[in-house]
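This briefing covers a metal site, salt bridges, a nonpolar core and a few individual residues. The points below are grouped by topic.

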Amino acid sequence: MRVNVDDIGDSGIGLTFEEDAESFPSLLELSRSRECVFLMPLSIDLRIRRIGQMFQAVGRFETRARLSCSRCLSDYETPLAADFNLSFSREQPETGDQSRHAEIELGAEEIGLILFHGEEIDLRDAVQEEVLMAVPMKTLCRPECKGLCLQCGADLNQGDCGCERKIINPKFAVLKGLELGKK
Ligand SMILES: [Zn+2]
Ligand SMILES: [Zn+2]
């Protein structure tokens with residue numbers, strides 16, 4: 001996933017990649033831990049343009065993944081996709097002044113610039129970062145997932161297990177009390 005800056009004309013260059021998710025170290029780790037198993041290669045579509053001294057890559061990645069629901073613990077498959085907008089800037093040649101050099105690098109990072117050296121921009125690390133950010137922190141097999149019964153552990157999405165559920169909503173309890181009072 002490298003592009004030579006000389007190939008990036010004024011109107012930019014469109015690129016597509018099809019990459020095995022497990023060829024990215026951090027994504028491989030996610031797959032191995034079963035936290036997020038990638039079911040398809042990443043398909044990446046982007047356009048890089050030159051803007052002054054910088055290069056801007058705007059694009060999108062798509063794949064499918066198997067995640068584990070945080071509420072009912074069952075596995076589910078989901079599309080995983082996101083748009084990205086990355087800015088690359090060529091690293092300044094070493095000035096010999098190490099602390100000044102580190103300062104420039106830190107400053108670039110703070111404003112979201114990704115530094116590269118030489119004539120090639122390697123997109124791998126940046127794209128991996130985008131995929132990692134797209135993996136949901138709170139996984140849900142569906143928005144209305146009912147989760148597991150706290151008493152017997154049954155998956156409540158499969159139907160009611162029959163356990164008596166404690167009334168935890170105080171409003172509910174008050175209503176019940178009123179009803180009793182009426183009788
Ligand atoms: Zn669920
Ligand atoms: Zn139950």
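In sequence, the residues that donate to the zinc ion (ligand 2) follow the spacing C-x2-C-x8-C-x1-C. The model is predicted. A search of the whole structure finds seven salt bridges and zero disulfides. The largest nonpolar core has 37 residues.

**Zinc site**

- The zinc ion (ligand 2) is held by the SG atoms of Cys-149, Cys-152, Cys-161 and Cys-163, at 2.2 to 2.4 Å.
- The arrangement around the zinc ion (ligand 2) is tetrahedral because its four donor atoms subtend angles of 105 to 112 degrees, and the criterion asks that all angles lie between 85 and 135 degrees.
- Cys-152 and Cys-163 are eleven residues apart, and both lie in the loop between helix H3 (124-134) and helix H4 (170-182).
- Cys-149 is buried, its relative accessible area being 4%.
- Cys-152 is partly exposed at a relative accessible area of 44%, and Cys-163 is also partly exposed, with 22%.

**Other residues of interest around the cysteines**

- Cys-141 has a relative accessible area of 21% and is therefore partly exposed, given that buried means under 20%.
- Asn-157 is placed in the loop between H3 and H4.
- With a relative accessible area of 19%, Asn-157 is buried.
- Not counting residues up to four places away in sequence, Asn-157 touches Cys-72, Arg-142, Glu-144, Cys-145, Lys-146 and Gly-147.

- Glu-120 and Arg-2 form a salt bridge in which the closest N and O atoms are 3.3 Å apart.
- Because Glu-120 belongs to strand S8 (residues 120-122) and Arg-2 to strand S1 (residues 2-4), this pair ties together parts that are 118 residues apart in sequence.
- Arg-2 also meets Asp-122 in a salt bridge, with an N to O distance of 3.7 Å.
- Since Arg-2 lies in strand S1 and Asp-122 in strand S8, this pair ties together parts that are 120 residues apart in sequence.
- Arg-2 counts as exposed at 53% relative accessibility.
- Glu-120 is partly exposed, with a relative accessible area of 37%, and Asp-122 is partly exposed, with 31%.

- The side chains of Glu-19 and Arg-124 meet in a salt bridge at 2.9 Å, N to O.
- Glu-19 sits in strand S2 (residues 13-19) and Arg-124 in helix H3, so the pair ties together parts that are 105 residues apart in sequence.
- Glu-19 counts as buried, at 17% relative accessibility.
- Elsewhere, salt bridges that share partners join Arg-2, Glu-120 and Asp-122 into one network.

**Nonpolar core**

- Within the largest nonpolar core, the residues that touch the most other members are Ile-44, Leu-46, Ile-48, Phe-88, Ile-121 and Leu-123.
- Two or more residues of this core come from each of S2, helix H1 (25-32), strand S3 (36-38), strand S4 (42-51), strand S5 (54-68), strand S6 (75-90) and H3.
- S6 gives the largest share of this core, six residues.
- Leaving aside neighbours within four places in sequence, Ile-48 is in contact with Val-3, Ile-8, Gly-12, Ile-13, Leu-15, Phe-55, Gln-56, Ala-57 and Leu-123.

**Arg-34**

- Arg-34 is placed in the loop between H1 and S3.
- At 57% relative accessibility, Arg-34 counts as exposed, because exposed means over 50%.
- The C-alpha atom of Arg-34 is separated by 9.9 Å from that of Asp-75, and the two residues are 41 residues apart along the chain.

Methods: Residues are numbered from 1 along each chain as its sequence is written. Chains are lettered from A and ligands numbered from 1 in the order in which they are written. This is a predicted model: local features need pLDDT of at least 70, side-chain atom pairs count only at pLDDT 80 or more; totals for chains, interfaces and linings use all residues. Side-chain values use heavy atoms; hydrogens and water are left out. Donors are N, O and S atoms within 2.8 Å of the metal (3.2 Å for Na, K and Ca); water is not among the atoms, so sites may look incomplete. Four donors count as tetrahedral if all angles lie between 85 and 135 degrees; four count as square planar and six as octahedral if opposite donors are over 155 degrees apart and all others between 65 and 115; anything else is irregular. Helices (H or I, at least four residues) and strands (E, at least two) are DSSP runs, numbered from the N terminus. Buried means under 20% relative accessible area, exposed over 50%, partly exposed in between (1.4 Å probe, protein chains only). A salt bridge is a side-chain nitrogen of Lys or Arg within 4 Å of a carboxyl oxygen of Asp or Glu. Contact means heavy atoms within 4.5 Å. A disulfide is a pair of cysteine sulfur atoms within 2.5 Å. A nonpolar core is a set of buried Ala, Val, Leu, Ile, Met, Phe, Trp, Tyr and Cys residues joined through side-chain atoms within 4.5 Å.
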